[in-house]
Amino acid sequence: MLIGEVARRSGVSARMLRHYESLGLVRPSGRTGSGYREFSEDDIRRIFHIEGLRSLGLSLREIGRALDDSGFTPSALVGDLVRRTRERIAAETELLTRLRGIDAAGPARWEDALHVVALLQALGSKSPGARQRAALSTADGLPLPAEALVEAALSETEPNVAGALRWALARSGEGGPALLGEGLRSPVAAVRERAVRCLAEMPGDEATTYLRQALADPDIAVRACAALALGARGVDGAIPTLVEMIVAGRNDTDAADALRVLASDAVAADQIAARLVDRLALGSTGAPARGRLTQALGSVPGARAARALADLSRDEDRAVAFTAEYLLRLRDVS
C-alpha cells in the first residue's frame, strides 16, 4: 500500500508519515519497482499504535521506546503521564480562575486589567502583608471580584489578612453571599466557620438566610459563630444555640450579650427566660453551667425572669442562690 493510501486510511498526513519514518518509528516493509514506499498491514497497525500513544500525551521518543523495547513496562510511564496531566490541569484551572477574575472586574482599559492581574497574584502570595494589601486595595477604586475574594477568604488562616478580606467582601456588592453559601457545604469545618465569619459582616437578608442555615451545622464552632451573628441581627432563631453556648462555656459572655440584645423584645425575653429556666432545671447541668445561666437570667427583663431569679435565690447551690439574690437587688435598684 502506497503512502497516499495509508494517509487516507489512517488519517495521518503523508508529511507526518515521512516524519515518523525519519525518526525510525515507521519502517515501510518494502518499495515498489518504481521506488515508492510500500506499507504492509503490520505497518498500518503500528501507525495506529503510534497515534493511540500520542493521544495519551506521550512524546515521539517515548512512543519509540514503548513500541521497540520488549522489556518496557508501561506502568512508570503512565504514572508520569498522570502526574504531568494533573499539573497541566492545575495550571489551566489557575489560568481560568485568573481570567474569570479579570472578566468579573470588568476593566475598561489594559492598565486596569493589568492592575487586577497584579492584585490577584498578590492574593495568592506567600506573604501575609502582600495578601492584606491586596484586600485593602479595593478601597482604591477598581474592586477585586467577589469570587477571588471568597476563594482567598475561605483559605486564609492569618487573622489580620482574614479581617481585611472580610472587609473587602462586605464592600464587594452582589454575589458574595451566594459564593459563601457554597462554602458552607465544605467538608472542612474550619472552611465553613470562615464562611460564616464573612457572612456575619455582610448586610442584607441573603446573608441572614445563609447564617440561619449554619445554625444546623454539625460543628459547634460554626453554629456558635452563626448564632452570635444572628443574635446581633435580632434573629430569635439563634436563642437555643446561644443558651447552649452558655452551658458549654463557649464564648458564654458574648452569648449572654447577644441574648440581652434579643431580650429587648418582650416576646423574645419570655422565650429566653423560659429556655434558661428549662436548662437550669436539667439534672445534667453542672454547677459552673448553672452559675452562668443564672447570670444570663439577670440581663433578661420581664416578670418571668424575675420570678425565676426569686426561685433561684433559694437554690440548694449557695453560689447560685447568692448570685440570684444579688441580681434581684440590682433589678430593684434599676
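Select Ala135 to begin: its relative accessibility is 0%, so Ala135 counts as buried, where buried means under 20% relative accessible area, exposed over 50%, and partly exposed in between, with a 1.4 Å probe and protein chains only. The model is a predicted one, in which local features need pLDDT of at least 70 and side-chain atom pairs count only at pLDDT 80 or more, while totals for chains, interfaces and linings use all residues. Residues are numbered from 1 along each chain as its sequence is written, and side-chain values use heavy atoms, with hydrogens and water left out.

Stay on Ala135 and colour helix H7, residues 128-136, in which Ala135 is placed; helices (H or I, at least four residues) and strands (E, at least two) are DSSP runs numbered from the N terminus. Next, show Leu123, Ala164, Leu165, Trp167 and Ala168, with which Ala135 is in contact once its neighbours within four places in sequence are left aside, contact being heavy atoms within 4.5 Å.

Now select helix H16 (residues 266-281) together with helix H17 (residues 287-297), which pack at an angle of about 160° with axes 10 Å apart. The axes are lines fitted to C-alpha atoms, for helices over the stretch in contact, and angles run from 0 to 180 degrees between N-to-C directions. H16 is therefore roughly antiparallel to H17, a label for angles over 145 degrees, with under 35 counted as roughly parallel, 65 to 115 as roughly perpendicular and the rest as oblique. To see the contact itself, show Ala273, Leu276, Val277, Arg279 and Leu280 on H16, and Arg290, Leu293, Thr294, Ala296 and Leu297 on H17.

For the cysteines, select Cys198 and then Cys225. A search of the whole structure finds zero disulfides, a disulfide being a pair of cysteine sulfur atoms within 2.5 Å. The cysteine sulfur nearest to that of Cys198 belongs to Cys225 and is 9.4 Å away. Cys198 is buried, with a relative accessible area of 2%, and Cys225, at 11% relative accessibility, also counts as buried.

Finally, zoom out to the whole chain, whose secondary structure comes to 19 helices and two strands. Of its 334 residues, 40% are buried, and among contacts with a separation of 6 or more, 52% are between residues 24 or more positions apart.
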